[in-house]
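Visitor: I should like to learn how to read the features of a protein model. May we go through the structure together, one feature at a time?

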Amino acid sequence: MKLYGGIDLHCNNNYLGIIDKKDKRVFQKKLPNDLEMVLKVLKPYRKDMEGIAVESTFNWYWLVDGLIEEGYTVHLANPSAIKQYEGLKHSDDSRDAFHLAHLLKLGILPEGYIYPKKERPVRDLLRKRLFLMKHKTSHILSFKNMVSRSLGIQISSNEVKRLHEEDVEKLFQQEHLILAGKAHIATIRFLKEKIIGIEKAILKKAVLRDEYSNLLTVPGVGKILALTIMLETGDIRRFPEVGNYVSYCRCVRSNRTSNGKSKGEGNSKNGNKYLSWAFVEAANFAVRSYLFVRRYYQKKTARTNSIVAIKAVSHKLARASYYVIKNQEVFQPKKAFG
């Protein structure tokens, strides 16, 4: 007898549903997030289990890894690509679990990529770096806005990065502005220290694989960003075309049209936000350091705005990176930017 399992996973519990090949419900139960308990419940059905679909949530590592190590065939379900029947008046954990099992049985389950366990810690540390970089940038921009708003002058990001807390007292006179400014500068310097510490730890541990070594020839991509792109991309063969890759990198617009008219937007959150951040970071570096990239950026800025222009540069870099990785070739400026 062939059996198919579906697990609707939550932060502190999960719902297990098992069906046979005729869609008969064989077992269902709400369980705590305890691997030993899940394995104990599954044990009587193990020899007949064709596969188990686990919902891809923020906390799937422990469950998917545990099931795989016990020999189960696990499928990571992509919830954003699963469409429930819109006529349903009621939906709950039980229905969601059995729906996953049903899609698995039919062979139409939209699946996510189960990233190799041994590489996840370094990848997640690089994600933390991007997270801290984003917050550092937000504090820099906020401080610049405060200076412009209060003093009517412009200050560059590099100037902000060089400031110390005592320098804030020379800029502002008002007590509360000084306090706010010091908070920004202290946070910026703290985040910089943590980011440098993370980068040092990663460079000691992580090695750029041969097929990704040519990423270092892409404008704006240094060792840390190359490692980020490598670890977030995984096996490039899972992206059959360049369009699939840049879409995964969130470098294309999310919209729907019909008969030349806009019909709204698609799911703009589909894809990998960390790759999106990485290529935007590379774009900012490239605009500052490469003349041919800066010219393209300036042409785009003249027609749109700086934010759209940076996204356009990041799109170019993502496309170029796909071919650099897949064909194991060096970056070619004329192919990328004309």
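This is a predicted model: local features need pLDDT of at least 70, side-chain atom pairs count only at pLDDT 80 or more; totals for chains, interfaces and linings use all residues.

Visitor: How many helices and strands does the protein have, and what box do its C-alpha atoms fill?

Guide: The secondary structure comes to 13 helices and 7 strands. Taken along the principal axes, the C-alpha atoms fill a box of roughly 75 × 50 × 50 Å. Of the 338 residues, 41% are buried.

Visitor: Which strands run antiparallel, and which run parallel?

Guide: One goes through the pairings in turn. Strand S1 (residues 3-9) and S2 run antiparallel and are joined by 7 bridges. Between S1 and S2 there are 3 residues, and the two strands form a hairpin. Leu9 has Asn14 as its bridge partner in S2. S2 also pairs with S3 in the antiparallel sense, over 7 bridges. S2 and S3 form a hairpin too, with 4 residues between them, and Asp23 in that turn has a positive phi of about 70°. Asn14 stands opposite Leu31 in S3. By contrast, strand S4 (residues 49-55) and S5 run parallel, joined by 4 bridges. Glu55 stands opposite Ala77 in S5.

Visitor: How many of the residues of strand S2 are buried?

Guide: In a strand, one asks which way each side chain points and whether it is covered. Strand S2 (residues 13-20) is mostly covered, with 8 of its 8 residues buried. Asn13, Tyr15, Gly17 and Ile19 point one way, while Asn14, Leu16, Ile18 and Asp20 point the other way.

Visitor: What span should helix H4 have, given 1.5 Å a residue?

Guide: One compares the expected span with the distance between the end C-alpha atoms. Helix H4 (residues 120-151) has 32 residues and should span 46 Å; its end C-alpha atoms are 46 Å apart, which agrees. Just after H4, Gly152 takes a positive phi of about 70°.

Visitor: How many aromatic pairs does the structure hold, and which rings are linked into a cluster?

Guide: Ring pairs are read from the distance between centres and the angle between planes. The structure holds 13 aromatic pairs. In one of them, the rings of Phe292 and Phe337 have their centres 5.7 Å apart and their planes at 65°, so the pair is edge-to-face. Phe292 lies in helix H11 (residues 291-303) and Phe337 in helix H13 (residues 333-337), so this pair ties together parts that are 45 residues apart in sequence. Phe292 is partly exposed, at 29% relative accessible area, whereas Phe337 counts as buried at 12%. Tyr296 and Phe337 also form an edge-to-face pair, 5.4 Å centre to centre with 75° between the planes. Elsewhere, ring pairs link Phe239, Tyr245, Tyr248, Tyr322 and Tyr323 into a cluster.

Visitor: Which charged residues lie over a ring?

Guide: The charged end of Arg238 sits over the ring of Tyr248, 5.1 Å from its centre. Lys128 lies over the face of Phe131, at 4.9 Å from the ring centre.

Visitor: Which residues is Ile310 in contact with?

Guide: Ile310 lies in helix H12 (residues 306-326) and counts as buried at 10% relative accessibility. Leaving out neighbours within four places in sequence, Ile310 is in contact with Val280, Ala283, Asn284, Val287 and Tyr297.

Notes
Residues are numbered from 1 along each chain as its sequence is written. Side-chain values use heavy atoms; hydrogens and water are left out. Two strands pair if DSSP finds at least two bridges between them. The expected span of a helix is 1.5 Å times one less than its number of residues. Rings of Phe, Tyr and Trp (its six-membered ring) pair if their centres lie within 6.5 Å; planes under 30 degrees apart count as stacked, over 60 as edge-to-face and the rest as tilted. Buried means under 20% relative accessible area, exposed over 50%, partly exposed in between (1.4 Å probe, protein chains only). A charge sits over a ring if NZ of Lys or CZ of Arg is within 6 Å of the ring centre and within 35 degrees of the ring normal. Contact means heavy atoms within 4.5 Å.
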